[in-house]
Amino acid sequence: TFTPGIVKIQFLSVDEKRLLAVGPHTISVHDLKPYVGWEQFQPRIVRSLSAYLKISQKLIVRRIGVRYVNRIEVKGETVNFNEYVNGLPERVKGLPKTLRNVFGRFEFAYPGEPEKLVVTCANAQCPAGHLAMILDIDLIDEFNEEPLTIDSESELPRLLDKITKLRDKERSIFEALITDKARELFDA
């Protein structure tokens with residue numbers, strides 16, 4: 001059955017490149033291309049959490065997620081994405097060399113830590129004469145048994161510290177997944 005309820009509300013910036021989504025027990029802050037960098041993004045997270053805390057009076061955090069959706073676009077009719085992303089399945093001898101579609105989802109657990117890593121690779125639409133792949137890195141920390149409770153703005157740094165640690169870990173994962181050839185594309 002479908003039961004209507006309160007849905008997430010999205011607030012867009014004037015240029016539609018920044019997004020704040022709010023719903024019951026949920027807040028998410030987004031940056032679309034061009035990404036302005038962590039130094040500018042982090043204060044937006046703090047302002048958003050602070051505003052949410054003022055309205056809700058208390059934050060009960062059960063899940064923190066840091067997710068980066070990266071697009072790797074290359075000119076050409078055929079591309080070996082193994083040259084750009086580490087960890088993709090190698091081509092199998094005896095199969096055709098032209099791979100038309102890619103979709104892979106990999107979930108990793110960190111022993112002794114609550115974090116979960118989800119890496120998804122998939123084709124993306126692009127202009128004729130180009131091929132593109134999405135490299136989606138989602139690092140999640142869940143507090144199901146003992147939620148993190150924030151009662152005042154003075155406690156927000158505890159939450160931000162956890163977010164920053166996830167972001168730093170995500171950056172290391174990103175660097176491990178991409179090759180120098182991909183790095184050239186991102187640094188162009």
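These are my notebook entries on a predicted protein model.

**Ground rules**

I number residues from 1 along each chain as its sequence is written, and since the model is predicted, local features need pLDDT of at least 70, side-chain atom pairs count only at pLDDT 80 or more, and totals for chains, interfaces and linings use all residues. Side-chain values use heavy atoms, with hydrogens and water left out.

**Entry 1: the overall plan**

I looked up the secondary structure and found three helices and nine strands. Here helices (H or I, at least four residues) and strands (E, at least two) are DSSP runs, numbered from the N terminus. Along the sequence I read the pattern β-β-β-α-β-β-β-β-β-β-α-α. The C-alpha trace spans about 60 × 45 × 45 Å along its principal axes. Of the 188 residues, 35% count as buried; buried means under 20% relative accessible area, exposed over 50%, and partly exposed in between (1.4 Å probe, protein chains only).

**Entry 2: helix 1**

Most residues other than glycine have a negative phi, and most peptide bonds are trans. Gln-57, which follows helix 1, has a positive phi of about 75 degrees although it is not a glycine. Gln-57 sits in the loop between helix 1 and strand 4, and at 58% relative accessibility it counts as exposed. Glu-16 also has a positive phi, of about 60 degrees, and I located Glu-16 in the loop between strand 1 (9-12) and strand 2. The peptide bond from Lys-33 to Pro-34 is cis, with omega near 0 degrees. Pro-34 lies in the loop between strand 3 and helix 1.

**Entry 3: the nonpolar core**

In soluble globular proteins, nonpolar side chains tend to be buried together. A nonpolar core is a set of buried Ala, Val, Leu, Ile, Met, Phe, Trp, Tyr and Cys residues joined through side-chain atoms within 4.5 Å. Which members of the largest core touch the most other members? Of its 38 residues, they are Leu-59, Phe-81, Tyr-84, Leu-135, Leu-159 and Ile-163. Helix 2 gives the most to this core, with seven residues. I then followed Tyr-84: leaving aside neighbours within four places in sequence, its contacts (heavy atoms within 4.5 Å) include Ile-72, Leu-177 and Leu-185.

**Entry 4: Ala-122**

Is Ala-122 buried or exposed? Ala-122, in strand 7, counts as buried because its relative accessible area is 16%. Not counting residues up to four places away in sequence, Ala-122 touches Val-102, Phe-103, Ala-132, Met-133 and Ile-134.

**Entry 5: the lining of the largest pocket**

Where does the largest share of this lining come from? Strand 5 supplies that share, with eleven residues. By class, I noted 27 nonpolar, seven polar and 13 charged residues in the lining. For these classes, Ala, Val, Leu, Ile, Met, Phe, Trp, Tyr, Cys and Pro count as nonpolar, Asp, Glu, Lys and Arg as charged, and the others, Gly among them, as polar.
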